[in-house]
Amino acid sequence: MSGALLLSSSPKSMATWRRELLALAPDLDLRLYPETGAAEDIVAALTWNHPPEDLFRYPNLKVLISMGAGVDHLFRPPGPPPGVAIVRLVDRLLTSAMSEYVLLAVLRHHRQAEIYRAQQRTRIWHELPPPDTERTRIGIMGLGVLGTDAARKLATLGFQVAGWSRRPKSVEGVESFVGREGLTPFLARTDILVCLLPLTSETRGILNRDTFARLPKGAYVINVARGGHLVEDDLLDALDSGHLSGATLDVFETEPLPGEHPFWGHPKIILTPHIASATVPRSCAPQVIENLRRLAAGEPLLNTVDPVAGY
Ligand code: NAP
Ligand code: GLV
């Protein structure tokens with residue numbers, strides 16, 4: 001590639017990426033933000049939560065690569081510079097780690113693990129009614145790379161699985177619901193709701209009072225997508241009224257979650273610090289190098305993002 005790749009994330013992550021990229025392409029001209037050198041040299045940028053306005057400084061920037069599956073960080077105002085291609089990471093390990101997390105959250109709720117753990121603490125020997133897997137309906141919002149893998153794996157376990165997406169999907173063992181008109185019937189048949197949508201202007205705040213009201217009483221919510229999908233006060237109200245039975249949350253509007261936030265101590269919430277699926281640079285570096293090669297050769301890029309749809 002003629003030109004340099006700008007790398008921007010935490011110092012630790014940049015060091016790991018640098019090692020993995022140079023192992024594959026020792027001659028790569030890498031610039032670690034903020035040590036960018038001449039702005040004209042930069043033709044590609046691999047970033048995570050980079051200040052969006054800074055990307056307008058590089059007149060020869062041609063491609064922006066998200067350091068993760070999500071690209072919402074690239075669309076924060078003022079948005080990406082016009083005409084720059086956007087790509088993201090699609091990776092076997094990223095996908096399987098997300099499915100592990102979703103399966104864990106589903107099964108922990110389904111098999112009443114928290115209740116049995118509490119019983120153990122107080123030395124109570126008490127059998128609850130056994131869960132009925134075949135009658136438990138899981139609904140996955142977002143049947144993309146991550147949602148489809150989780151859906152398939154949950155269907156294999158015997159759950160009734162459905163997905164909701166913009167366009168119809170054909171995934172074996174998974175019922176497809178589509179668009180705004182498909183949302184109400186999708187929610188009405190969902191006992192465990194999993195959010196794996198990208199955060200866009202259409203999906204921001206989609207986990208709200210109205211959505212929760214359309215779920216059956218006692219439904220459970222798992223948000224592993226973005227904190228911006230969830231209206232936090234609406235979740236607290238739905239949990240406290242008893243309409244929702246609980247929630248597992250990995251992502252939050254403000255990260256790190258502030259120490260005084262009510263989610264921390266809520267008895268019906270299980271939370272983790274945005275770790276459902278972390279990018280593994282070793283696994284993802286080859287696709288970055290391949291995209292840089294394609295960029296130089298004028299070939300179509302891998303894992304492109306539609307700048308209008310925002311994902
Ligand atoms: P993806 O492949 O782009 O899939 C997105 C899915 O959402 C598609 O099925 C898409 O529908 C659907 N969708 C988008 N907008 C919609 C709308 N308005 N109405 C209905 N459906 C809509 O994304 P992915 O790779 O699966 O990743 C999903 C998200 O997971 C990422 O954007 C990121 O925010 C999050 N994530 C979180 C973590 C974590 O550690 N917590 C890790 C990785 C990713 P169509 O298929 O019809 O286009
Ligand atoms: C993580 O949140 C990602 O989008 O990869």
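In what follows, Ala, Val, Leu, Ile, Met, Phe, Trp, Tyr, Cys and Pro count as nonpolar, Asp, Glu, Lys and Arg count as charged, and the others, Gly among them, count as polar. The structure shown above is a predicted model, and with that classification in hand the surroundings of its ligands can be described.

By class, the shell around ligand 1 is made up of 14 nonpolar, seven polar and seven charged residues. Altogether 28 residues surround this ligand, and the closest of them are Arg88, Leu146, Arg167, Lys169 and Tyr311. Arg88 places a polar side-chain atom 2.8 Å from an oxygen atom of ligand 1, while Arg166 approaches through its backbone, with an N or O atom that lies 3.1 Å from an oxygen atom of the ligand. A nitrogen atom of ligand 1 is in turn 2.9 Å from an N or O atom in the side chain of Asp250. On its own ligand 1 has 940 Å² of accessible area, and the protein covers 95% of this. Helix H4 (145-156) and strand E7 (160-165) are the elements that give two or more residues to the shell. At the level of domains, both domain 1 (4-91 + 279-297) and domain 2 (92-271) give residues to the shell around ligand 1, so the ligand lies between them.

Ligand 2 has a shell consisting of Trp48, Gly68, Ala69, Gly70, Arg226 and His274, and by class these residues divide into two nonpolar, three polar and one charged. His274 contributes through its side chain, where a polar atom lies 2.7 Å from an oxygen atom of ligand 2. Taken alone, ligand 2 exposes 190 Å², of which the protein buries 86%.

The strands can be followed next. Strands of a sheet pair through backbone hydrogen bonds, and the pairing may be either parallel or antiparallel. In one open sheet of this model, seven strands follow the order E8-E7-E6-E9-E10-E11-E12, and the pairing is parallel. Strand E8 (174-178) and strand E12 (269-271) are its edge strands, each of which pairs on one side only. From one strand to the next, the twist averages 15 degrees. Strand E7, which also gives residues to the shell around ligand 1, is joined to E8 by five bridges, and the two strands run parallel. Within this pairing, Ser165 has Val178 of E8 as its bridge partner.

Another open sheet has five strands in the order E2-E1-E3-E4-E5, again with parallel pairing. Its edges are held by E2 and strand E5 (85-87), and each has a single partner strand, so one side of each is left without a neighbour in the sheet. Neighbouring strands here are turned against each other by 20 degrees on average, direction ignored. Strand E4 (residues 63-66) is joined to E5 by three bridges, and these two strands run parallel; Leu64 stands opposite Ile86 in E5.

A cis peptide bond with omega of about 10 degrees joins Tyr33 and Pro34, and Pro34 is found in the loop between strand E2 (30-32) and strand E3 (42-47). The peptide bond from Glu255 to Pro256 is also cis, with omega near -5 degrees, and Pro256 lies in the loop between strand E11 (244-249) and E12. Gln112, although it is not a glycine, has a positive phi of about 55 degrees; this residue lies in the loop between helix H2 (92-110) and helix H3 (113-121).

How values were computed:
Residues are numbered from 1 along each chain as its sequence is written. Chains are lettered from A and ligands numbered from 1 in the order in which they are written. This is a predicted model: local features need pLDDT of at least 70, side-chain atom pairs count only at pLDDT 80 or more; totals for chains, interfaces and linings use all residues. Side-chain values use heavy atoms; hydrogens and water are left out. A residue is near a molecule or strand if one of its heavy atoms lies within 4 Å of it. A polar contact is a pair of N or O atoms within 3.5 Å; within protein, one must be able to donate a hydrogen and the other to accept it, and residues adjacent in sequence count only if both atoms are side-chain atoms. Accessible areas come from the Shrake-Rupley method with a 1.4 Å probe; for residues, only the protein chains shown count as cover. Helices (H or I, at least four residues) and strands (E, at least two) are DSSP runs, numbered from the N terminus. Domain bounds come from an automatic or database domain assignment. Two strands pair if DSSP finds at least two bridges between them. Axes are lines fitted to C-alpha atoms, for helices over the stretch in contact, and angles run from 0 to 180 degrees between N-to-C directions.
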